[in-house]
Amino acid sequence: MDAILGISAYYHDSAAAIIINGEIIAAAQEERFTRKKNDASFPVHAIEYVLNEAGIRENELKAVIFYEKPLLKFERLLETYHSFAPKGLKSFVTSIPIWIKDKVFMKEIIKKELKKLHIAHVPLLFTEHHLAHAASAFYPSPFEEAAIITIDGVGEWATTTIARGKENSIKILKEIHFPHSLGLLYSAFTYYLGFQVNEGEYKLMGLAPYGNPLAEETQWFIDKIKTHLIDIKDDGSFLLNMSYFDYATGLRMTNHKKWEQLFGFPPRKSESQIKQHHCNLALAIQLVTEEIVLKLSATAYQLTHCENLTLAGGVALNSVANGKLQKSKLFKQIWIQPAAGDAGGALGAAYAGYFIGFKKPRKIVFPDAMKGALLGPQFDKKSIEKVIRINNAKATCFENIDELLCLIAKKIAEGNVVGWFQGRMEYGPRALGNRSILADARNPDMQKKLNLKIKFREGFRPFAPSVLEEDAQQYFDIDTSSPYMLLVVPINKEKQNALPDNYNELDLYDKLYYLRSDIPAVTHVDFSARIQTVHKDVNPIYWKLINEFKKITNCSVIVNTSFNVRGEPIVCSPDDAFKCFMQTEMDYLVMENYLFEKNISKDL
């Protein structure tokens, strides 16, 4: 038995994953156990979980693989400060003591943590950061051969790579190195527009559709970006003008003074009013990002001549760019790692160790090897009944799950919001029907209700649809599956409502609450949606629920958003789910076969 443990830690979104004989057994982020959003600490709880799920003893591990090489990263830090000297002295004085104390001796620190877990005599190996991303993209994909693109902030030196995967091997063909980084460029705009780096990039992506693509200001912003901030080559490679950025040696992302002179307004303060120029700038950088991704993809095809493409790295979570790439038909098939960020680096590290380090043969799995990304903990009846007992909760157990599904479909159709907790927790940032909050996509008031009364977050934030895979083309312009909610695609024209002539001149919230389609709760202001297609063999219970909803409403689409509130990780345990349910205005909670309610006067 070849059991390999992969670990990512110490930057953000720490995680652990275990594979046995090339098969993914379990994977989870540390944040789900500690309840600290984007927890960067050593993934003690995640490691304990994956070992327990795999049912192996610590001494049965063949190797532990860490997802990057700390000494190479330290080399990059030193060379960067040397290149920019004397600029960055304050940052140098702040960061170098931390590196010397904690990170230069990372191997010993990791060994010490593993020893606490009684994993003391297992070989500890290291893989490069972007190789871990590439491995996470290629090895679980259904392709024997594929081009691989990885794009993020930065690993050791690489920020973008193009590679070729074939059978059990990966060959890096081209790299872009720090400080030139598409991920950090996008994060700089995230920062300037008032959102938190490494967390708010998806908010920036969600804000972009509110920009006016016809406005002169939007085009002016694009021109400013391309003229002053980034030089984009025909092959998708690029150079950043580092005089506008402070992240290489400073303590913030941007040179505020130069950005304000460039764009004509100061950085937006967090939680302050969002104005049209903020939306237009968000759209501008989103369009520039899409242009680069498409050019890099064309280059990847030219270098590899592969019909298939796989993607990973934080920028691979930009589902709008992914949708444009899918539509371009540059590749016959595209597969994106659902845990594309640093959490997925843990899985990639394990894969790299197994296939590259130990040269094991690879077996292709269809539709992929990720098992629907349902790789986290599952909880038994006893755990749920403990929550009921401790909280004196009102809950009903249904012996017949089909009866419960029929009832919940009816409750959703009536306008209720349901917390949905089933089976194994998802790996990656998306809730895919096991730790979800569900609602009726047809309800015109649902987006506002979910944002303000359930999620406690910005009102402009969009929601995703879950649709039966076999019905997806009835609602969306899509010719492939999208099981991991990583493609934004247009809603079919016949489902759209006509817009007023002045639509593009409306402010953010007038656009937001305009009735745009038959499924308004999941329709972005540009008539797109971040779609999840649900296959009956991958998640049969969730598929059955949506099918029951279809029987009642003749609609195969429901709202699916992650089971959490703003600032908290997605729920993991029954206790997490019950607390979230009680702290919000959710109407019902389903945990496995149990239905929880708040108001005892409600008639079931």
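**Salt bridges and a helix contact in a predicted model**

In this predicted model, A188, F189, Y191 and Y192 in helix α7 meet H256, W259, E260 and F263 in helix α10, where contact means heavy atoms within 4.5 Å and helices are DSSP runs (H or I, at least four residues), strands being E runs of at least two, numbered from the N terminus. By class, the contact of α7 with α10 has 6 nonpolar, 1 polar and 1 charged residues, with Ala, Val, Leu, Ile, Met, Phe, Trp, Tyr, Cys and Pro counted as nonpolar, Asp, Glu, Lys and Arg as charged, and the others, Gly among them, as polar.

Because the model is predicted, local features need pLDDT of at least 70 and side-chain atom pairs count only at pLDDT 80 or more, while totals for chains, interfaces and linings use all residues. Residues are numbered from 1 along each chain as its sequence is written, and side-chain values use heavy atoms, with hydrogens and water left out.

**How the two helices cross**

- The axes of α7 (residues 182-192) and α10 (residues 256-263) come within 12 Å and cross at roughly 85 degrees, the axes being lines fitted to C-alpha atoms over the stretch in contact, with angles from 0 to 180 degrees between N-to-C directions.
- The two helices α7 and α10 are therefore roughly perpendicular to each other, a label for angles of 65 to 115 degrees, whereas those under 35 count as roughly parallel, those over 145 as roughly antiparallel and the rest as oblique.

**Salt bridges**

- The count comes to 28 salt bridges, each being a side-chain nitrogen of Lys or Arg within 4 Å of a carboxyl oxygen of Asp or Glu.
- K203, E271, E458, R461 and R566 are linked in a network of salt bridges.
- K295 and E291 form a salt bridge with their closest N and O atoms 3.1 Å apart, and the two residues are separated by about one helical turn because they lie 4 residues apart in helix α11 (residues 276-304).

**Bridges between distant parts of the chain**

- K544 forms a salt bridge with D402, the closest N and O atoms being 3.8 Å apart, and this pair links distant parts of the chain, with K544 in helix α19 (residues 540-553) and D402 in helix α15 (residues 401-413), 142 residues apart.
- D587 and K449 meet through their side chains in a salt bridge of 3.6 Å, N to O, and this pair also links distant parts of the chain, 138 residues apart, with D587 in the loop between α20 (574-583) and β20 (588-591) and K449 in helix α16 (residues 446-454).
- D587 counts as buried at 14% relative accessibility, whereas K449 counts as partly exposed at 25%, where buried means under 20% relative accessible area, exposed over 50% and partly exposed in between (1.4 Å probe, protein chains only).
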